[in-house]
Amino acid sequence: MQIVVDLNRCQAYAQCAFLAPQVFELHGEEALMFTPTVPDDQHEHVRRAAAACPVQAILVGERAGP
Amino acid sequence: MTGKPWKGRIVIVGASLAGLRAAETLRDEGFTGPLTLVGEEPHLPYDRPPLSKQVLLGRTRATEIGLPRRRDVDARWKLGVRAGAIDPIEKKVILADGELLPFDRLLIATGTRARPWPDPVEARLDGVLTLRTSDDAAQLAERLDAGPRRVLVIGAGFTGSEIASACRERGLEVTVAERGPSPLVGALGGALGAFAAKLQRAHGVDLRCGVTVTSLKGRDGRLTGAEFSDGSRIEADVAVVALGAVRNTEWLAGSGLAAGPRGVACDAGCRAFNMYGIVTDDVFVAGDVARFPHPLFEYQMLALEHWGNAVAQAEVAAHNMVSTGPHRRPHLAVPAFWSSQFGLNIKSIGVPTFSDHVVIAQGSLRERRLVAVYGYRGRITAAVTVNRAKWLEHYQYLIETAAPFPPESGAADRPDSAASVPSDVPDPQLLSHGPTVALTGHLPDRRLTLVRHEPTPTAAHRR
Amino acid sequence: MSPETLYQRITDYANRANPYPLYAELRENGVTRQADGSYLVGTYHEIAALLHDPRISSDSRNRADPSTVPMFRRNSQQAFIGLDDPEHDRLRRIAMRPFGPPHSPGRIDALRADITRISDGLIDEFRDKDRIDVVEDFAYPLPVTVICRLLGVPHEDMPQLRAWTNAVIAGVDVTPGKDEESRQRAGQDARAAMGEYMGDLSDKRRENPSDDMLSALVHDSGPDGRLTRAELMATGTLLLIAGHETTVNLITNGALTFLRFPDAYRLLRDKPELMPRAVEELLRYEPPVHLLPQRTPLADVEISDVTVPKGAPLILVLAAGNRDPLRFDDPDHFDPTREDNQHFGFGSGVHNCFGAPLARVEAQIALNALVPRLEDFQLSEDPPPYRRSPILRGPRHLPIERVG
């Protein structure tokens, strides 16, 4: 599972950092850092975080490529 | 799409963010024909913003930043191969490995590369690096892991500043050299540039503005330090050359297209111009390599090195590649970008360099929480927030509607002295760092009305 | 046009069970001035713009007509919900330190096991019953137990706190009625008593700290310093009330909606991993907070060709925006798999719900636990009896009974 966050859309509601703190992290009050390659034991957390994002900025999918 | 789906062969040169999203959009639009993606790097498409942040902080490996797909693209991928030229008559892309790729429609999304250190001998010193690709980031992260005594960052644009931030967060000594008066000044102007300078110094960066690096010193092929134009010297084990980007257009030299150092010119529908200024109908451009007219900025040709522009422009280009005349759409997205550095979230909407004045409309520089609003000839053209991201969409609306500058009073958290000051955007020629937004010329055209796009069901990355 | 204004009809208790036709009328009418001088907005894009407009104050003391300022807002210390930046931001940031990122990133996620245990325990208790009140037997005790533990409030004090909470909510109720003055006064008294209670409890935590939020708030000192005692009283009261009232509604509305649409709960029963999206759809379709009655423009503000004057009461009907057909496809359809769902269930902008992540986790766990049981039950009455408030709207009771 790979993720990318559209940080232009992100308004730092931080729901992802609450719901999947192993994958999404606030750096300071607002800057979001995330782990693009999601560890296997975090898939469910990441799906919850993506569903909860108030601006729908989290894209979850398989790695792009052939 | 209305009518019969367009049939033909499509080649996309450039397999990074813009190329990938274009390919996905083509399939979303119902294109079922043969599709080839050509990428110079051997890697699958990956996300570049983490390279100067998570990767340098050691939180994410440079090999683990792959982009997720939105959908399967059912394409032939030619990775690790450069495109060498276009045969515009025969409509073929000529690859460096000799293969000829015939196309009916072509998308150019070759992006940029890091501007190298101008002295090739010094550039080859061990310890002199650039940061653009995942391989670059892997090398730099490894150097930082080794605990250098001092890192020299040449150029204080966003990339240089983020590198300096990562170094300080890792406890490394860092010197930043910038020819201009302050960091970020090329993108944000004088007021926020001065703010960025204070911020860097408060975090322990040895920031030197108004100087250039005159030479990189080495011994036994290894970097040992640098000399500055003011005569001073430092010792350093690592130097990161962050002098901005060079557009990958050389391969188009014989193509007859309007391609040059400032990018490939195209119309608002992403169709490339040829060298006579005639728009082509089969060659499209998207992402960092494109320069295009934007109605909000007096139809000046913009070249944007922005993640969001790569996505939005790729989607418009792909749509237009398989659509006919009246169904084609213009690329009108308001430019936007972000940067995180020294614990702050900096976000921008509009074009701050397209301004004559700036005002702190909310918050304050002292608190490091603020909204700066930029104006040009009495209308709002940009806004930048520092740890105030939730307000930005209000200012996007003001930009889209050409609201008067300075913004109307009445905002909560408006500072006492909310006077506008000159925005002091310097001539890019005077900077070390390249601006990430370049106003690259003027193309008069008739006025259009800007229509704000409604979000669509899968709009997660379309604005 | 009825002689009553739309706002009067929306707040009229008779329309509590189904306000949605009135919301459609509101969207149709656009922004309109009500007889009492207030302005009502119910369309999605206009609400979104206003929630991000720095000229719209959350501090009703900015109203031109002082009689429209609720009694409790006139003198005492305000919690951040009723303040503007930078004060709102400072107080909220301090309150966030023991609750979530960046200072306490894992706190809410770490509660999942606890919440699951509490939820399963409550369900076990009604395993053999034929009649259940979803509110009293499940939706109320779950969030109350959680917020008590999180804040550090002794559970045995809850009956008293519940009485105060009810009085506070009645005090801010905007339902038309003759007893407004006495309700406001009772609400203010209850708020004061609750504040004192929180102040005393914090004093105890100062002496004997525990691992709860109140202890952290009295001890931890970040870059913004600590809350004063008055700030702590107001903040603690807000967190306690908001920390469970709305979640009760969310869980109850979930049970009600699932029982009305059995296909939905069967889908969720078979695919519990879809619950996070289903909860977002609940927040859109039946949100716990229907309207924000306290906004006030700090300047004349133009909204879709209507100028709302500085100082006028501005009421944002979030639940109407959530059903705006200009924003959502088929908005009156409950679709637990809906993807395009930027709802106003938790508001938006700087005042977005502080406790949203906790409410999400609680509702996801509670409804996942409840859904497998619903096959055996049906609603005893539909619609159920509603609570009085048009702001925090939800059933007072949700009686359900075993089928057959």
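Helices here are DSSP runs of H or I with at least four residues, and strands are runs of E with at least two. The model shown in every view is predicted.

Figure 1. An unreviewed UniProt entry places the feature "domain: FAD/NAD(P)-binding" at residues 9–314 of chain B. Over residues 9–314, chain B is 22% helix and 31% strand. The end C-alpha atoms of this span are 17 Å apart. UniProt, again in an unreviewed entry, puts "domain: Reductase C-terminal" at residues 337–411 of chain B. Residues 337–411 are 12% helix and 48% strand. Their end C-alpha atoms lie 24 Å apart.

**Figure 2. The domains of chain B.** Chain B is divided into domain 1, domain 2 and domain 3. Taken over C-alpha atoms, the centres of domain 1 and domain 2 of chain B are separated by 31 Å.

**Figure 3. An open parallel sheet in chain B.** Five strands of chain B line up in the order β9-β16-β10-β11-β12. The sheet is open, and its pairing is parallel. Strands of a sheet pair through backbone hydrogen bonds. β9 (128–130) and β12 (206–209) of chain B stand at the edges. Each has a single partner strand, so one side of each is left without a neighbour in the sheet. On average, neighbouring strands of this sheet are turned by 20° against each other, direction ignored.

**Figure 4. Strand pairing at β12 of chain B.** β11 (residues 174–178) of chain B pairs with β12(B) in the parallel sense. Four bridges join the pair. Which residue in β12(B) is the bridge partner of B:A177? The partner is B:R208.

**Figure 5. Helices against the sheet of chain B.** Helix α3 (residues 134–145) of chain B packs on the sheet, where α3 touches β9 and β16 (238–241) of chain B. The direction of α3 makes about 135° with that of β9(B). Helix α4 (residues 158–169) of chain B lies across β10 (151–154), β11 and β16 of chain B. Helix α4 runs at about 165° to β11(B).

**Figure 6. Chain B meets chain A.** In this view, 30 residues of chain B are in contact with 28 residues of chain A. On the side of chain B that touches chain A, β24 (336–341) and β25 (344–350) of chain B are the elements that give two or more residues. β24(B) supplies the largest share, three residues. By class, this side of chain B has 13 nonpolar, nine polar and eight charged residues.

**Figure 7. Chain B meets chain C.** Here 15 residues of chain B are in contact with 15 residues of chain C. Helix α7 (residues 392–400) of chain B gives the largest share of the side of chain B that touches chain C, three residues. Seven nonpolar, four polar and four charged residues make up this side of chain B.

**Figure 8. A helix pair in chain C.** Helix α5 (residues 112–125) and helix α7 (residues 141–151) of chain C cross at roughly 145°. Their axes come within 10 Å. The crossing of α5(C) and α7(C) is right-handed. From α5(C) come C:I115, C:I118, C:S119 and C:L122. They meet C:P141, C:L142, C:T145 and C:V146 in α7(C). The contact of α5(C) with α7(C) has six nonpolar, two polar and no charged residues.

Notes:
Residues numbered from 1 in each chain as written. Chains lettered and ligands numbered in written order. Predicted model: local features only at pLDDT ≥ 70, side-chain atom pairs only at ≥ 80, totals over all residues. Domains from an automatic or database assignment. Contact = placed C-beta atoms within 7 Å. Nonpolar A, V, L, I, M, F, W, Y, C, P; charged D, E, K, R; others polar. Pairing = 2+ DSSP bridges. Axes fitted to C-alpha atoms, helices over the stretch in contact; angles between N-to-C directions. UniProt positions renumbered as here; feature names shortened; annotations may be inferred. Left-handed = near helix turned anticlockwise from the far one by under 90°.
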